[in-house]
Amino acid sequence: MKMHFCIPVSQQRPDALGGRYVLYSVYLDGFLFCKVRYSQLHRWNEQLRRVFGNCLPPFPPKYYLAMTASMADERRDQLEQYLQNVTMDPNMLRSDVFVDFLKLVQLDTFSITTKKASLDIFLPDGRSIKVEILTSDTAERVLEVVSRKIGLCQELLGYFGLFLIRSYKEGKLSVIKKLVDFELPYVSLRSSEVENFQVGLRKWYLDPSLDSRLMDCRAAVDLIYMQAIQDIEKEWAKPTEVQRQKLEALQKEDNQTKAFLLSSCLKKMISEKMVKQAAENPEMQIEVPEQGKSKKHHSQQSQKDYSSFLPRKSKIKTAEVDCGLGTIKEEGL
């Protein structure tokens with residue numbers, strides 16, 4: 001699943017020397033991710049270039065004279081395109097120079113220092129697990145901590161993810177987004193724009209036929225089963241009466257394969273609308289986690305063909321995707 005960066009707004013701020021600088025508000029998947037200056041991104045680009053060379057996308061040039069309003073808008077568009085393009089290379093995404101910078105700007109934006117903290121991770125059955133982390137721990141690191149606590153096999157981590165979940169009155173929930181590996185869950189929950197949110201553990205792939213790969217791990221089986229039950233109870237999956245009777249019968253079974261059978265039944269309930277939307281929208285394509293492949297990779301240079309800077313046709317588009325996990329909205333940034 002692809003991530004989406006955008007920079008819908010920027011602000012001019014006074015600096016310590018009496019001049020002014022521009023602070024860019026960077027949004028990731030519809031939520032404020034960080035606020036950064038051009039000079040910070042420029043230094044970061046230079047660090048990335050020393051590691052990855054010419055495979056980087058073009059970075060907006062410096063201006064040595066005062067910028068006009070149109071020049072400022074052009075730079076904002078170019079920075080947005082740079083962030084979107086730089087995340088296309090998986091080796092770059094996993095590099096220390098990439099992750100360390102984004103960790104730092106997230107902490108700085110929300111004035112959070114690195115320290116020990118407790119974080120509640122919610123399971124699909126409503127229970128929560130308290131884990132001890134650092135405020136600077138990424139979603140990838142927190143997932144590893146949670147997996148060890150519940151006995152989830154490390155080689156299966158690619159099939160699960162941490163999600164931002166919003167709770168409403170009367171126990172209603174909406175799964176809003178999957179936290180990408182370099183997001184800081186502790187910081188995400190303390191963003192000023194986030195209310196009544198929690199971090200939940202779920203499988204993130206949509207094809208239940210992949211469940212068979214997880215059957216040898218009891219913790220994975222339990223998670224699959226809990227999520228299948230939650231999808232039915234929250235009416236994220238709507239079975240027919242015949243299907244519901246079969247599902248109820250499976251719930252009464254007391255064996256390890258019931259999770260696989262239950263989830264397999266849900267396979268037939270994935271809406272045709274969802275499949276059609278996935279075919280039409282590349283960002284919704286179903287990805288298959290690679291077995292036995294570590295998330296950590298050494299930096300490798302690979303030449304990519306990046307287009308030159310293009311003007312943004314529209315500032316902010318409202319998008320609403322009705323999927324099996326609930327309704328996801330991106331608007332009013």
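Which residue lies over the face of Y186? Select Y186 and R190: R190 is there, at 3.7 Å from the ring centre. A charge counts as sitting over a ring if NZ of Lys or CZ of Arg is within 6 Å of the ring centre and within 35 degrees of the ring normal.

Before going on, note that this is a predicted model, in which local features need pLDDT of at least 70 and side-chain atom pairs count only at pLDDT 80 or more, while totals for chains, interfaces and linings use all residues. Residues are numbered from 1 along each chain as its sequence is written, and side-chain values use heavy atoms, with hydrogens and water left out.

**Stop 1: aromatic rings**

Select R75 and Y38 next. R75 lies over the face of Y38, at 3.7 Å from the ring centre. Y38 also belongs to an aromatic cluster, formed by F5, F33, Y38, W44, F59, Y82, F98, F101 and F182. Rings of Phe, Tyr and Trp (its six-membered ring) pair if their centres lie within 6.5 Å; planes under 30 degrees apart count as stacked, over 60 as edge-to-face and the rest as tilted. The count by this rule is 11 aromatic pairs.

One of them is F31 with F197: the ring centres are 5.9 Å apart and the planes stand at 80 degrees, so this pair is edge-to-face. F31 is in strand β3 (residues 31-37) and F197 in strand β8 (residues 197-203), so the pair links distant parts of the chain, 166 residues apart. Helices (H or I, at least four residues) and strands (E, at least two) are DSSP runs, numbered from the N terminus. F31 has a relative accessible area of 18% and F197 one of 16%. Both values count as buried, because buried means under 20% relative accessible area, exposed over 50% and partly exposed in between (1.4 Å probe, protein chains only).

Now select F59 and Y82. Their ring centres are 4.9 Å apart and their planes are at 90 degrees, so this pair is edge-to-face too. F59 lies in the loop between α1 (38-52) and α2 (69-86), and Y82 in helix α2, so the pair ties together parts that are 23 residues apart in sequence. F59 and Y82 are both buried.

**Stop 2: strand β8**

Go back to F197 and select the whole of β8. How many of the residues of β8 are buried? The count is 7 of 7. In a regular strand the side chains alternate between the two faces of the sheet. In β8, F197, V199, L201 and K203 are on one side and Q198, G200 and R202 on the other, and all are buried.

Two strands pair if DSSP finds at least two bridges between them. Strand β6 (residues 160-167) pairs with β8 in the antiparallel sense over 7 bridges, and R166 stands opposite F197. Strand β4 (residues 116-122) runs parallel to β8 and is joined to it by 2 bridges. Here I121 stands opposite V199.

**Stop 3: the largest cavity**

Rolling a probe the size of a water molecule over the atoms shows where empty space is left. On a 1 Å grid over the protein atoms alone, a cavity is a set of points where a 1.4 Å probe fits but cannot get out, and lining residues have an atom within 4 Å of a point. Grid points are joined across faces, edges and corners, and a volume is the space filled by probe spheres set on the points. The whole structure has 3 cavities of 30 Å³ or more, and the largest holds about 120 Å³ of space. To find the largest cavity, select F31, L32, F33, E183 and S188, the closest to its centre of the 14 residues that line it. The elements giving two or more residues to this lining are β3 and α6 (185-189). The largest share, 3 residues, comes from β3.

**Stop 4: cysteines**

A disulfide is a pair of cysteine sulfur atoms within 2.5 Å, and a search of the whole structure finds 0 of them. Select C217 and C153. C217 is in no disulfide, and the nearest cysteine sulfur, that of C153, is 3.2 Å away. C217 is buried, at 3% relative accessibility. C34 is likewise buried, at 3%.

**Stop 5: loops and a helix**

Select S111, in the loop between α4 (96-109) and β4. Its phi is near 55 degrees, a positive value in a residue other than glycine. S111 is exposed, with a relative accessible area of 67%.

Finish at K149 in helix α5 (residues 139-150). K149 is exposed, at 53% relative accessible area.

Definitions and conventions. 1 Å grid on protein atoms, 1.4 Å probe; cavity = no way out; pocket = protein on both sides within 12 Å on 5 of 7 lines; lining within 4 Å.
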